[in-house]
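Subject: Structure handover

Hi,

Here is the structure I promised to pass on. My notes follow below it.

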Amino acid sequence: MEQKDYSKLRWKIVATTLCFSLIPLFALGFSVYKQFSVSYSAKIMENLRTLAENRRSTINLFFDERISQLTTLAYTHPLNQLKEEGYLDKVFDIMQTRSKSFVDLGIIDEKGNHAAYSGPYNRLKEVNYKNEPWFAAVKLRGVYISDVFMGFRRFPHFIIAVMCREGDRCWILRATIDTDIFDGMVRAAQVGKKGDAFVVNRDNVLQTTPRFGGGLLGHPKSPDFSASVGTRVEEIELDGEKSLFATTVIAKNKWVLVIREDPKEALTPILKARYSGGLLFIAGVLIIVAGTVLIARAMIAHLIQVDREKAMLDAGLVQSSKMAALGKLAAGIAHEINNPLSVIKEKAGWMKDLLEDEDIAGSTSYKEFESSIDKIDQHVERARKVIHRLLGFARRMEPVHEMVDINRTMDEAVDFLENEARYRNIDIQTDYLENLPRTKSDSSQLQQVFLNIIDNAIDAIGKDGEINIKTDYDPRNRQIAIAIADSGPGIPRDMLKRVFDPFFSTKESGQGTGLGLSISYGIVERLGGRIAVESPEGRGTTFTVYLPIER
Amino acid sequence: MEEFRVLVVDDEDDFRETFVNRLQRRNLDVDGVESGEKALEWLDKHLYDVCILDVKMPGMDGVETLREMKTKRPLMEVIMLTGHASVESGIEGMKLGAFDYIMKPADIDELMEKMRQAHEKKTLHEEKIRQAKIKELEGHPARVFEQIREEGT
């Protein structure tokens, strides 16, 4: 496979694996986060509602207590007693010892004049309330809680007034409530750094001072909640910031308590969870990506190796099956040629026999006949030799098994050809591995292989050159490698595949049979080894014989 | 030149006929047959000293024919004629009692030499047998009658 295909496959594996691992991760993370934040938000709203309702109960209780205190006071004392000098002061003192929520007390008669007053503002005794709006309201309803107002004192306050009937007369018990205490009760609902709590009346006028935005008796910056009914919690975006608002009505539906909470503060834990969750998620994604890439790379590397091994195996199989087929072919041809060759030889012999007869011996063409018959004989002999060698390649001769010292076998082969090499000014260099293990093989057949290869090398160089012979041992594969390299012109790439084919020769016709290397190939294969050839363009040729170590 | 009788067994007509002619020219008493079966028939009627037997023949092959011949005529020497691809058959033939083998295309002089050796061996062998018989007769003269009776049947 091409390098491009491998990287394409790698990306495919990476993409697929990432898809299948990241999509569930995303889905899981998203849904868990969503679920968590929804339930957490609901919890926050619920908390806020509880807070608002608690406040409402507290404030309503406060008001109910004040009203009942005043009602009790009004209905248990006749007006005349309360009017007595000092009596109201006494009652007020008693009330003050328990709770400082009342600022003053006053008894107002039908005409709106103070019948009695107890408190720090003695000036008020002179004030007539007949025209005040609350005066009419209290006469109408019996109990009245006023909005906060500045009043005659020029100080924010509100009053609770209770009307009491005594016979045909009626009078009013009025008490001023300390706004500080009321404010304190409202402010208790202010949560966190940005939380707020305040009270507005039905005209959206602030009855307490909010923490942020707007002053007492002004309008709050928040939306208008003055028309609220019951208790509600909602999220409202204000000036680009989301806020949670809880509203509840208090003080006999007169006022609305507004509690504002910053969801960011309330949601801090979930934001923290989101932050750490996000980090975990990114780490997870990184690990998955890294793992996927590593696995894909390892898989591809393995695949490349397997493919390479397979390609080598295929090449080897192709080569050996080709050689086997060629062997069969050679044997078939040799046999088929051999029979007619025998007949030709016998016929020629018979003609030669007949030439000895006297009458023919005298013929003028006798010499011609004789030399022709001799030539036939000669060429039959030549053909016979070719067939003999061809069969040598094809024949399955069982090799002898003896312990062979490859270095010595090679030395003998080199000795054999050294004269020839010297004559052509070719230097044969040997680089033997000392202690090269001996192996069970056939030394004479191996020698034939070495002779063939070196002989070819000498022919390839022609004149002036070098042949390097190197023996090596690979303990991992338990094999001996014998490399024979020449400094010749090399073998063209297209011919390289055919060098082991029988009758393939680059030499001039008549110079070589083209059988040497194919015979060598057959021998080495029978001995359990293999021959490889390498010929980098223009840098000579190297034949390497690999032999297994057998004992 | 000593004369002896030769049987040539080869399925290739051109080869066999020429071969027979050449051997006859060398003063040998030669017959040629084209198959193993024919050769065995001939052996029933004729006596030969040496047989040139082709290994590769259709029908009965050389090795098989050799086996039969050796039961019929144990003393006759056989020279196997092999192709390159059938040297092993030649060797097998020698294990079965053939005198030698020669590769095709054969050189006539080489073959003549081998036949001569084969004939010599046969003659020697027969001489030994004769000597042995004489020795036996010397020890037990009465056996001569048995001998005559045996040869008569």
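Where in chain B does B:Pro105 lie? It sits in the loop between strand 5 (100-103) and helix 5 (108-139) of chain B. The bond that joins B:Lys104 to B:Pro105 is a cis peptide bond, with omega at about -10 degrees. Bear in mind that this is a predicted model.

Chain A has a backbone point to check too. A:Asn435 has a positive phi, near 60 degrees, and is not a glycine. A:Asn435 is found in the loop between strand 11 (426-431) and strand 12 (439-441) of chain A. Most residues other than glycine have a negative phi, and most peptide bonds are trans.

Next, the interface. Contacts between the two chains involve 20 residues of chain B and 21 residues of chain A. The area buried between them is about 1,900 Å². Carbon and sulfur atoms give 57% of that area.

On the polar side, 8 residue pairs are in polar contact across the interface of chain B and chain A, both residues being at pLDDT 80 or more. Salt bridges between the two chains number 3. One pairs the side chain of B:Arg26 with that of A:Asp353, at 2.8 Å from N to O. Which element gives the most to the side of chain B that touches chain A? That is helix 1 (residues 13-25) of chain B, with 7 residues. By residue type, the side of chain B that touches chain A has 9 charged, 7 nonpolar and 4 polar residues.

Over all chains, the salt bridge count comes to 29. One within chain A links A:Asp377 and A:Lys345, whose closest N and O atoms are 3.8 Å apart. A:Asp377 belongs to helix 9 (residues 366-394) and A:Lys345 to helix 7 (residues 268-355), both of chain A, so this pair ties together parts that are 32 residues apart in sequence.

Last, the cavities. How many of 30 Å³ or more does the whole structure hold? The search finds 2. The largest cavity has a volume of about 80 Å³. Its lining comes from chain A and includes A:Leu124, A:Tyr129, A:Trp134, A:Phe149, A:Phe152 and A:Ile159. A:Glu132, A:Arg153 and A:Arg174 also line the largest cavity, as do A:Gly151 and A:His157. The lining divides into 6 nonpolar, 2 polar and 3 charged residues.

Over to you.

Best wishes

Notes
Residues are numbered from 1 along each chain as its sequence is written. Chains are lettered from A and ligands numbered from 1 in the order in which they are written. This is a predicted model: local features need pLDDT of at least 70, side-chain atom pairs count only at pLDDT 80 or more; totals for chains, interfaces and linings use all residues. Side-chain values use heavy atoms; hydrogens and water are left out. Contact means heavy atoms within 4.5 Å. Buried area is the accessible area (1.4 Å probe) that two parts lose on being put together, summed over both. A salt bridge is a side-chain nitrogen of Lys or Arg within 4 Å of a carboxyl oxygen of Asp or Glu. A polar contact is a pair of N or O atoms within 3.5 Å; within protein, one must be able to donate a hydrogen and the other to accept it, and residues adjacent in sequence count only if both atoms are side-chain atoms. Helices (H or I, at least four residues) and strands (E, at least two) are DSSP runs, numbered from the N terminus. Ala, Val, Leu, Ile, Met, Phe, Trp, Tyr, Cys and Pro count as nonpolar, Asp, Glu, Lys and Arg as charged, and the others, Gly among them, as polar. On a 1 Å grid over the protein atoms alone, a cavity is a set of points where a 1.4 Å probe fits but cannot get out, and a pocket is an open set with protein on both sides within 12 Å along at least five of seven lines; lining residues have an atom within 4 Å of a point. Grid points are joined across faces, edges and corners, and a volume is the space filled by probe spheres set on the points.
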